[in-house]
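This briefing is intended for a reader who is meeting the structure for the first time. Please keep the sequence and the model in view while reading.

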Amino acid sequence: SFQKALRGLEIGVSGLYGGRWGGNRALRERKEIEGKLVTPCPERIFYIRHAFRAGFTLEEIHQLSHIDPWFLQNIREIIDLEDELAAAGSLDALA
């Protein structure tokens, strides 16, 4: 339902993966990620994805964003599935 809600924003994303903030699998700079996590902004949810992919721990993301750890863990599970699909060559199905 979270992924569907992101698609429902009608901003050109297909969930956490997709669109101008999420679709690029290239890693972002740590300072850029930290800045986006600290300040509430429309793209912050996508920077949670970039933070996990860059090696931030759940606790680090929680301390920067003050987003509930339960919610962050659920986002982490979506990202882990994305990584599994990418490894299997099935990531194009998410675009």
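The model is predicted. Its largest nonpolar core has 17 residues, and H4 supplies the largest share of that core, six residues.

**The nonpolar core**

- Within the core of 17 residues, those with the most contacts are Leu16, Leu37, Ile45, Ile48 and Ile61.
- Helix H3 (30-38), helix H4 (44-53) and H6 are the elements that each give two or more residues to this core.
- In soluble globular proteins, nonpolar side chains tend to be buried together.
- Leu37 is in contact with Arg44, Tyr47, Ile48, Ala51, Phe56, Ile61, Leu64 and Ser65, when its neighbours within four places in sequence are left aside.

**Helix H4 and what follows it**

- H4 is mostly covered, with nine of its ten residues buried.
- The buried residues of H4 are Arg44, Ile45, Phe46, Tyr47, Ile48, Arg49, His50, Ala51 and Phe52.

**Helix H3: Ile33 and Val38**

- Ile33 lies in helix H3 and counts as buried because its relative accessibility is 0%.
- Leaving aside neighbours within four places in sequence, Ile33 is in contact with Arg28, Tyr47, His50, Ala51, Ala54 and Phe56.
- Ile33 and Phe46 are 13 residues apart along the chain, and their C-alpha atoms are separated by 9.8 Å.
- Val38 also has its place in helix H3, but Val38 is partly exposed, with a relative accessible area of 47%.
- Not counting residues up to four places away in sequence, Val38 touches Arg44 and Leu64.
- From C-alpha to C-alpha, Val38 and His62 are 9.7 Å apart in space, while 24 residues apart in sequence.

**The packing of H5 and H6**

- H5 makes the contact through Leu58, Ile61 and His62, and H6 through Pro69, Leu72 and Gln73.
- By class, this contact of H5 with H6 comprises four nonpolar residues, two polar residues and no charged residues.

- Ser65 is in contact with Leu37 and Arg44, with neighbours within four places in sequence left aside.
- His66 has a positive phi of about 60°, although His66 is not a glycine.

Methods:
Residues numbered from 1 in each chain as written. Predicted model: local features only at pLDDT ≥ 70, side-chain atom pairs only at ≥ 80, totals over all residues. Heavy atoms only, no water. Contact = heavy atoms within 4.5 Å. Helix = DSSP H or I, 4+ residues; strand = E, 2+ residues; numbered from the N terminus. Nonpolar A, V, L, I, M, F, W, Y, C, P; charged D, E, K, R; others polar. Core = buried A, V, L, I, M, F, W, Y, C linked by side-chain atoms within 4.5 Å. Buried < 20%, exposed > 50% of the residue type's maximum accessible area, 1.4 Å probe, protein only.
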